[in-house]
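Subject: Structure for you to look over

Dear colleague,

I am passing on the structure below, followed by notes on what was found in it. Please read them with the model open beside you.

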Amino acid sequence: MATSLSPATPAREPASAAMRAASMCLDMKANDVVLLNLSGVTDMTDYFVIASGTSDTHVRAIGEELITELKKEGVRVHHVEGVQQGRWVLLDFVDFVVHIF
C-alpha cells in the first residue's frame, strides 16, 4: 500500500536533508556555512543551516536554488521569508531551518 507525503514532509531523513542543504550552500559559494544539530536542545527544529552570501543578489540566489533543488529531491519548504529582499532569507523545512545572511 502506497503512502503519500504531506507537502512539508521531507523524502529523506532530516540529518541527510540538512547536510544536503549545507552542501548546496557551499556549492553556490556561500561563506561561513555552519550546520548546527539542535536535537535535544529545542523542539522547534532538529537542525539549523546558517550561511552568508556576498550580496543581496547572492543571498536571494542561494535561497531560490535551495527551494528549487530540494523540491526536486522531495524536500519541500514549509515557510519562506525574505527571498524578495535578499538581505536575510529564512527557509523553514520543519525538521531543519536554513538562515542565509
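Helices (H or I, at least four residues) and strands (E, at least two) are taken here as DSSP runs, numbered from the N terminus, and in these terms histidine 99 lies in strand β5, residues 96-100. Please bear in mind that this is a predicted model, in which local features need pLDDT of at least 70 and side-chain atom pairs count only at pLDDT 80 or more, while totals for chains, interfaces and linings use all residues. Residues are numbered from 1 along each chain as its sequence is written, and side-chain values use heavy atoms, with hydrogens and water left out.

Histidine 99 has a relative accessible area of 12% and is therefore buried (buried means under 20%, exposed over 50% and partly exposed in between, with a 1.4 Å probe and protein chains only). Not counting residues up to four places away in sequence, histidine 99 touches Phe48, Val49, Ile50, Ala51, Trp88, Val89 and Leu90, where contact means heavy atoms within 4.5 Å.

Arginine 60, in helix α2, counts as partly exposed because its relative accessibility is 23%. Its contacts, leaving aside neighbours within four places in sequence, are Val83, Gln84, Gln85 and Gly86. Arginine 60 and tryptophan 88 are 28 residues apart in sequence, and their C-alpha atoms are 8.2 Å apart in space.

Helix α1 (residues 14-27) packs with helix α2 (residues 56-72) at an angle of about 135 degrees, their axes being 10 Å apart (axes are lines fitted to C-alpha atoms, for helices over the stretch in contact, and angles run from 0 to 180 degrees between N-to-C directions). α1 is therefore oblique to α2, given that angles under 35 degrees count as roughly parallel, over 145 as roughly antiparallel, 65 to 115 as roughly perpendicular and the rest as oblique. On the α1 side, Arg20, Ala21, Met24 and Cys25 meet Ile62, Glu65, Leu66, Glu69 and Leu70 of α2.

Of the 23 residues in the largest nonpolar core, Leu66, Leu70, Phe96 and Val98 touch the most other members (such a core is a set of buried Ala, Val, Leu, Ile, Met, Phe, Trp, Tyr and Cys residues joined through side-chain atoms within 4.5 Å). At least two residues of this core come from each of α1, β2 (47-52), α2, β4 (89-92) and β5, and α1 gives the most, with six residues. Leucine 70, leaving aside its neighbours within four places in sequence, is in contact with Arg20, Ala21, Met24, Glu65, Val75, Phe93 and Phe96.

With best wishes
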